[in-house]
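Biologist: I'd like to learn how to read a protein–DNA model. Could you walk me through one?

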Protein chains: 2
Amino acid sequence: MTSVAPSQEGSTRSVDRALRLLAAVLESTTQGTLSDLARATELSAATASRLLATLAQHDLVVRGEDGKYRSGTRMRQLAAAALRDNALYELVGPHLIQLVEETSETASLGVPGPPGEVLYLRQVPSPRQVQTAVWTGRTIPRDGTALGAALDGATTPRGFVTSQRPDSDVTAVAAPVLGHNGEILGAISINAPAYRTTDADVERYGAALVRHARELSVALGAPQHLVGPA
Amino acid sequence: MTSVAPSQEGSTRSVDRALRLLAAVLESTTQGTLSDLARATELSAATASRLLATLAQHDLVVRGEDGKYRSGTRMRQLAAAALRDNALYELVGPHLIQLVEETSETASLGVPGPPGEVLYLRQVPSPRQVQTAVWTGRTIPRDGTALGAALDGATTPRGFVTSQRPDSDVTAVAAPVLGHNGEILGAISINAPAYRTTDADVERYGAALVRHARELSVALGAPQHLVGPA
DNA sequence: CCTTCTCTTTTCATCTGCCGAAAATCGATC
DNA sequence: GATCGATTTTCGGCAGATGAAAAGAGAAGG
């Protein structure tokens, strides 16, 4: 059973205790009854009972017929979310920097936002004086945008999608990033001022995006047959 | 930003609040600053600040330079543990039942226990009157046992390992189960009374264990090249 | 059937830990 | 410098969290 350090400065004690119980459950490879957990965390049985009941109400833990506590459905949902979203955020950084070096244009990560919208989650700006704006934290429509189309999986056979709307002076190119079940987690894009973007530029940006999206997808565990050859 | 249900009956209020903040962080796909999270969970900024600080002390969340909260390292550790251990426990049930039908002997799942020991995590007993005992929740030594050797990956080329100790009247056969990174999560075994177990029985049990271990490994996401052909 | 035991939950009185309002701090902008 | 919004800290009050004890629940044995 896990032995844990004493409570730390300035924390909320009851929350601290509950979190230690949660960790004891999740890391347990031995007996996991209420009594075991109370002893492991040096709490009274009464306190442990109440705190575990709170964790159980949130479905973070569940008690089996054998009286042992294990992770609950909600815990696994939050677990999957933690593993999925943070990995993408952290992994994408160096790729965006490199995309800017290769294209001299602004590079972005977009993820699903509120219904019908795409969120700019992370961006690296172009080094040029004239550049597309950095809108990190803002959303754009999902319809009619390159990021939106990439999130919908509506790419060409080469793996990227472009957008040049008549009412916009931005040319956007985007490619989706896949997770370990082959699901689309997000998309990376290059946004460039249309006045200096040729068709050859679009092809070049697209190829770079597909290459980086592929590397990211592989790093996130996407099945090889969905990612395609290197 | 996530909107969450009111607090439920009988829970520990401060823990309840902290868990709702944690869920809001992990599920957030929009702004995730302290103010955002306080609004989403209808807490005062002061309370949210303190509770998030407690979560951060446990490294369940971390605040980036942009002021937004994301999952922390410890959260991802616990997440991986939750996804790994519970999946194995639940998935193995039908396989153990089937192994008993195929062999008429006691089938077990063993996982790493305290140092130098193996824990019987789940078992299905033989239907016969003379059977090996069900020791669910107990540990056996890792050295010199079939489960221990399987957890150490010390199998024959056919994928299973046997144990027939001179001081024991039990014949044990075991095969390891792999996770999505190819790591050994546990091992499944058949324990049979030695007096009625022939060499042909051992071969048969081994083949059945390898087949089921393979199916379990695939279901848990193990890379195909580590699992071997079906 | 009853008794005994262990584990768990609930009750209850106590007190201190948690709370929110307010003040202070911090960082960005003009 | 002043202003503003976000965040942290201070502080007094009270109710929520606590542990001891009682009650409840289930299993085992006679």
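Biologist: How do the residues of the surface near DNA strand D divide into nonpolar, polar and charged?

Modeller: First, some ground rules: this is a predicted model, where local features need pLDDT of at least 70 and side-chain atom pairs count only at pLDDT 80 or more, while totals for chains, interfaces and linings use all residues. Residues are numbered from 1 along each chain as its sequence is written, chains are lettered from A and ligands numbered from 1 in the order in which they are written, and side-chain values use heavy atoms, leaving out hydrogens and water. A residue is near a strand if one of its heavy atoms lies within 4 Å of it. Ala, Val, Leu, Ile, Met, Phe, Trp, Tyr, Cys and Pro count as nonpolar, Asp, Glu, Lys and Arg as charged, and the others, Gly among them, as polar. Here the surface has four nonpolar, eight polar and five charged residues.

Biologist: Which of the 17 residues around DNA strand D come nearest?

Modeller: Those are A:Thr47, B:Arg13, B:Ser35, B:Ser49 and B:Arg63.

Biologist: What share of the atoms of DNA strand D within 4 Å of the protein belong to sugar or phosphate?

Modeller: That share is 78%, and the rest belong to bases. For polar contacts, look for N or O atom pairs within 3.5 Å. A side-chain N or O atom of A:Ser44 is 3.0 Å from a phosphate oxygen of DNA strand D, and a polar side-chain atom of A:Arg17 lies 3.1 Å from a phosphate oxygen.

Biologist: What is A:Leu55 in contact with, leaving aside neighbours within four places in sequence?

Modeller: Contact means heavy atoms within 4.5 Å. A:Leu55 touches A:Ala18, A:Leu21, A:Leu22, A:Leu60, A:Val61 and B:Leu19.

Definitions and conventions
Polar contact = N/O pair within 3.5 Å; in protein donor to acceptor, adjacent residues only side chain to side chain.
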